[in-house]
Amino acid sequence: MESTIRQISKSAYAIIGPEGATNFSIVKANDGSAVLVDADIRRIDEVEEALRLTGCARVAYLVDTHEHFDHTSANFYFAQKQIPIVASAGCAGAMRDDGGADFERMLKPVPELYQRFPGLCLTLPDAVFDKTTDVKLPSVTLHLEYRAENGHSHSKGDTTLYFEEEEVFIAGDLLYTEVHPVTFFGNIPNWLTALKPLFQTHYKHLVPGHGPTIDGEQSGKAYFKKMYDYLEDFYGNLQEIKSGRKSKEEIIKHMQSGPYAPLGKSRMVERNINQFMTGKWY
Ligand SMILES: [Zn+2]
């Protein structure tokens, strides 16, 4: 399966990961420079190809929406090209505290990347902001906002971007569409709180961290609501498992049926439950 490049608006593009794999975004300025949002070193060829196909002359900034490997592991690659990497202090802090072990673990299945990129290592963002910041290029204004409620929602770094000129909202992993979310790094009650203001956010186009992009604010709102309902239901059921009132198998079945039956990456349900129950990796 290959990723697809979707033109979101006149100057914004999303690299949509296959089968719910991570999305990356490109916002192109009228001088050919671009802001790249998230990049995974394992998929760097796709990212480079997308930059070429969309006619970007150079990457002016890389933005990390949050600390997870699939969104930040190409930081090394772009830092070597002297490209500034923008992220929240929450994201930078999480990478500093826990990123090293995670980085090595994720690269274990692809050791050849160490040969291809000598010195490849966890690379922290170098343009860090606390609550909000703007990233500007000619014809492009991106408003970045840190939204990890109490420092931890989907992740500790959760940042959204709003491309003002073309009304595109990039939600990062606060939003998954059409696929089961990865919740086991998260704090679900805080994530629910972080989602509430997003029901009221304005945009014409919406890019989730994983899954298809959405056109129209009403449709976007419905997806944010679906995300909220999913997390609320899942969290309630985790408490039922913990208290012994329901079995794990019962909850897996519930989270894969009814409104959730069409969602991709259904294997995530059991992984999410296992991680919450044991605090170990699966
Ligand atoms: Zn994530």
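**Close-up views of a predicted model**

View 1. The zinc ion is coordinated at 2.2 Å by His 66 (NE2), His 68 (ND1), His 154 (NE2) and Asp 173 (OD), where donors are N, O and S atoms within 2.8 Å of the metal (3.2 Å for Na, K and Ca), and water is not among the atoms, so sites may look incomplete. This is a predicted model, in which local features need pLDDT of at least 70 and side-chain atom pairs count only at pLDDT 80 or more, while totals for chains, interfaces and linings use all residues. Residues are numbered from 1 along each chain as its sequence is written, and side-chain values use heavy atoms, with hydrogens and water left out. Along the chain, the donors of the zinc ion follow the spacing H-x1-H-x85-H-x18-D. Distant parts of the chain are linked by the pair His 66, in the loop between strand 5 (58–63) and helix 2 (69–72), and Asp 173, in strand 11 (residues 168–176), which lie 107 residues apart; helices (H or I, at least four residues) and strands (E, at least two) are DSSP runs, numbered from the N terminus. Both His 66 and Asp 173 are buried, a term for under 20% relative accessible area, with exposed meaning over 50% and partly exposed in between (1.4 Å probe, protein chains only).

**View 2. Thr 141 and its surroundings.** Thr 141 has its place in strand 9 (residues 140–146) and counts as buried because its relative accessibility is 11%. Apart from neighbours within four places in sequence, Thr 141 is in contact with Val 135, Lys 136, Tyr 162, Phe 163, Glu 164 and Glu 165, contact meaning heavy atoms within 4.5 Å. From C-alpha to C-alpha, Thr 141 and Val 110 are 37 Å apart in space, and they are 31 residues apart in sequence.

**View 3. Cysteines without a disulfide.** A search of the whole structure finds zero disulfides, a disulfide being a pair of cysteine sulfur atoms within 2.5 Å. The sulfur of Cys 121 is too far for a bond because the closest cysteine sulfur, in Cys 91, is 15 Å away. Cys 121 counts as partly exposed at 36% relative accessibility, whereas Cys 56, at 14%, counts as buried.

**View 4. Helix 9 and what covers it.** The buried residues of helix 9 (residues 267–278) are Met 268, Val 269, Asn 272, Ile 273, Asn 274 and Gln 275, and what covers them includes helix 7 (217–243) and helix 8 (248–255). Just after helix 9, Gly 279 takes a positive phi of about 70 degrees.

Note on methods. Expected span 1.5 Å × (residues − 1).
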